[in-house]
Amino acid sequence: MADQFTDQEVSQLRGQGECFIHRHPREDLDFQDQLGLMKASLPTTVTGSHELGRADYLVLCDTTSADVVVQLPEARDGREFVFVKTNAANLVRLVPAVSQSINASVVGATFAAAWGCVTVKAVDQRFVVISNTAPVTFL
C-alpha cells in the first residue's frame with residue numbers, strides 16, 4: 001500500500017541504515033556538538049562597554065555598577081541579537097555602526113527596565129527592533 005513504509009525506509013528512520021537524505025550520527029553527540037547543530041550559542045554576559053562578535057546572540061547586560069554600552073556590528077545578513085537587562089540600576093545603550101541606524105536613529109537606543117528584553121534584526125543595512133518587553137527610547 002502507498003501509506004506503508006518499506007523495510008529500507010523504516011531502517012532509515014530508525015537510524016540503522018544508509019540514509020540518502022541526511023546522515024544519522026553513529027555516536028552520541030556531546031553538548032557542544034548539539035549546540036553547533038542547533039546553531040545555538042551560550043549567552044554572553046557583559047558589563048561596561050562591549051562590541052558584539054560573531055558568536056554573540058543572547059546578550060545579558062549586567063547594569064549593576066554602570067550603564068552597559070553595546071556596539072552593534074554592521075547590519076547585514078539578517079543578523080539578530082537579543083538583549084536582556086539583568087538589573088534595575090542604570091541603562092542599556094545600543095549603538096549602531098557608523099552610518100547605520102536602529103529604527104532610523106543613527107545615535108542609538110536605550111532601555112532601562114529590569115529584565116527587559118529587546119530583540120534587533122538586521123534589515124537592509126540597518127537594525128530594526130522586532131520585539132521588546134521594555135520601553136525603548138531612540139536617541
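Before starting, I wrote down one cut-off: a salt bridge needs a side-chain nitrogen of Lys or Arg within 4 Å of a carboxyl oxygen of Asp or Glu. I also reminded myself that this is a predicted model.

**Entry 1: D56**

I looked up where D56 sits, and found it in the loop between strand 2 (49–51) and strand 3 (58–61). Is D56 buried or exposed, and which side chain of opposite charge is nearest? D56 is buried, and the nearest such side chain is R79, 6.7 Å away. With the salt-bridge limit set at 4 Å, I noted that D56 has no salt bridge. I did find a polar contact of 3.1 Å between the side chains of D56 and H50. Beyond four places in sequence, I listed T44, H50, E51, R79 and F81 as the contacts of D56.

Next I traced an open sheet of five strands, with mixed pairing and the order 1-3-5-8-9. Strand 1 (44–46) and strand 9 (126–132) are its edges, each pairing on one side only. From one strand to the next, the twist averages 25°. I then checked strands 1 and 3: they run parallel and are joined by three bridges. V46 has C61 in strand 3 as its bridge partner.

**Entry 2: R93**

I finished with R93, in strand 6 (residues 92–95). Why did I file R93 as partly exposed? Because its relative accessibility is 32%. Leaving out residues up to four places away in sequence, R93 touches several residues, among them V68, V107 and L139. I also looked up C61 again: its C-alpha atom is 9.8 Å from that of R93, with the two residues 32 apart along the chain.

Note on methods:
Residues are numbered from 1 along each chain as its sequence is written. This is a predicted model: local features need pLDDT of at least 70, side-chain atom pairs count only at pLDDT 80 or more; totals for chains, interfaces and linings use all residues. Side-chain values use heavy atoms; hydrogens and water are left out. Helices (H or I, at least four residues) and strands (E, at least two) are DSSP runs, numbered from the N terminus. Buried means under 20% relative accessible area, exposed over 50%, partly exposed in between (1.4 Å probe, protein chains only). Lys and Arg count as positive and Asp and Glu as negative; His and the chain ends are not counted. A polar contact is a pair of N or O atoms within 3.5 Å; within protein, one must be able to donate a hydrogen and the other to accept it, and residues adjacent in sequence count only if both atoms are side-chain atoms. Contact means heavy atoms within 4.5 Å. Two strands pair if DSSP finds at least two bridges between them. Axes are lines fitted to C-alpha atoms, for helices over the stretch in contact, and angles run from 0 to 180 degrees between N-to-C directions.
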